[in-house]
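This report goes through the side-chain contacts and backbone features of one protein model. The sequence and structure come before the details.

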Amino acid sequence: QVKLVESGGGLVQAGGSLTLSCAASGNTFGLNTFGWYRQNPGKQRELAASLSTDGTITYADSVKGRFSISRGDAENTVYLHMNSLKPEDTGVYYCNVVFRTLPGIRVDAWGQGTQVTVSS
């Protein structure tokens, strides 16, 4: 069992910054990718950024140049630094971890979500 603990959400004015953190604990064998997804009511959960253990980083087009994902000094911790925030960045942000323990086998774990609200 793995546990993901998120923190750092909140209310910020447009143009401001927030940093989200996610810490994975428990059985993290096979951890391959950390990701941050966001979701608004009635909409699909979408990937904002991801970081794989091989160093591959992916950003949604809507956040490129404004968001940055990085590993923390503590083991199995990841941060999402969000700058120049816009009202459309508002949503619940979920930490995601992908485990690949066997070829072709993917297991996802999700955090509880943290609310980010950007006021105009």
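## Terms and basis

A residue is called buried under 20% relative accessible area, exposed over 50% and partly exposed in between, with a 1.4 Å probe and protein chains only. The model is predicted: local features need pLDDT of at least 70, side-chain atom pairs count only at pLDDT 80 or more, and totals for chains, interfaces and linings use all residues. Residues are numbered from 1 along each chain as its sequence is written, and side-chain values use heavy atoms, leaving out hydrogens and water.

Strands (E, at least two residues) and helices (H or I, at least four) are DSSP runs, numbered from the N terminus.

## Positive phi angles

Ser84 is not a glycine, yet its phi is positive, near 50°. Ser84 belongs to the loop between E8 and E9 and is partly exposed at 39% relative accessibility.

Asn76, also a residue other than glycine, has a positive phi of about 55°. The loop that holds Asn76 runs between strand E7 (67–71) and strand E8 (77–82). With 10% relative accessibility, Asn76 is buried.

## Disulfide and core

A disulfide is taken as a pair of cysteine sulfur atoms within 2.5 Å. The whole structure has 1 disulfide. It joins Cys22 to Cys95, with the sulfur atoms 2.0 Å apart. The angle about the S-S bond is -80°, and the link is left-handed. Cys22 lies in strand E3 (residues 18–26) and Cys95 in strand E9 (residues 91–99), so distant parts of the chain, 73 residues apart, are linked. Cys22 is buried at 0% relative accessible area, and Cys95 is buried at 0% as well.

A nonpolar core is a set of buried Ala, Val, Leu, Ile, Met, Phe, Trp, Tyr and Cys residues joined through side-chain atoms within 4.5 Å. The largest nonpolar core has 26 residues, of which Phe34, Trp36, Leu80, Met82 and Tyr93 touch the most other members. At least two residues of this core come from each of E3, E4, strand E5 (46–52), E7, E8, E9 and strand E11 (114–119).

## Aromatic contacts

Rings of Phe, Tyr and Trp (its six-membered ring) pair if their centres lie within 6.5 Å; planes under 30 degrees apart are stacked, over 60 edge-to-face and the rest tilted. The count is 1 aromatic pair. The ring centres of Tyr37 and Trp110 are 5.0 Å apart and the planes meet at 65°, so this pair is edge-to-face. Because Tyr37 lies in strand E4 (residues 31–39) and Trp110 in strand E10 (residues 107–110), the pair ties together parts 73 residues apart in sequence. Tyr37 is buried at 17%, while Trp110 is partly exposed at 38%.

A charge sits over a ring if NZ of Lys or CZ of Arg is within 6 Å of the ring centre and within 35 degrees of the ring normal. The charged end of Arg45 is over the ring of Trp110, 4.7 Å from its centre. Arg45 also lies over the face of Tyr94, 3.7 Å from the ring centre.

## Salt bridges

A salt bridge is a side-chain nitrogen of Lys or Arg within 4 Å of a carboxyl oxygen of Asp or Glu. The count is 5 salt bridges. Among them, Arg38 pairs with Glu46 at 2.9 Å, N to O. Glu46 is partly exposed at 38%. Arg38 also bridges to Asp89, with the closest N and O atoms 2.9 Å apart. Both Arg38 and Asp89 are buried.

Lys64 and Asp61 form another salt bridge, at 3.1 Å from N to O. Salt bridges with shared partners join Arg38, Glu46, Arg66 and Asp89 into one network.
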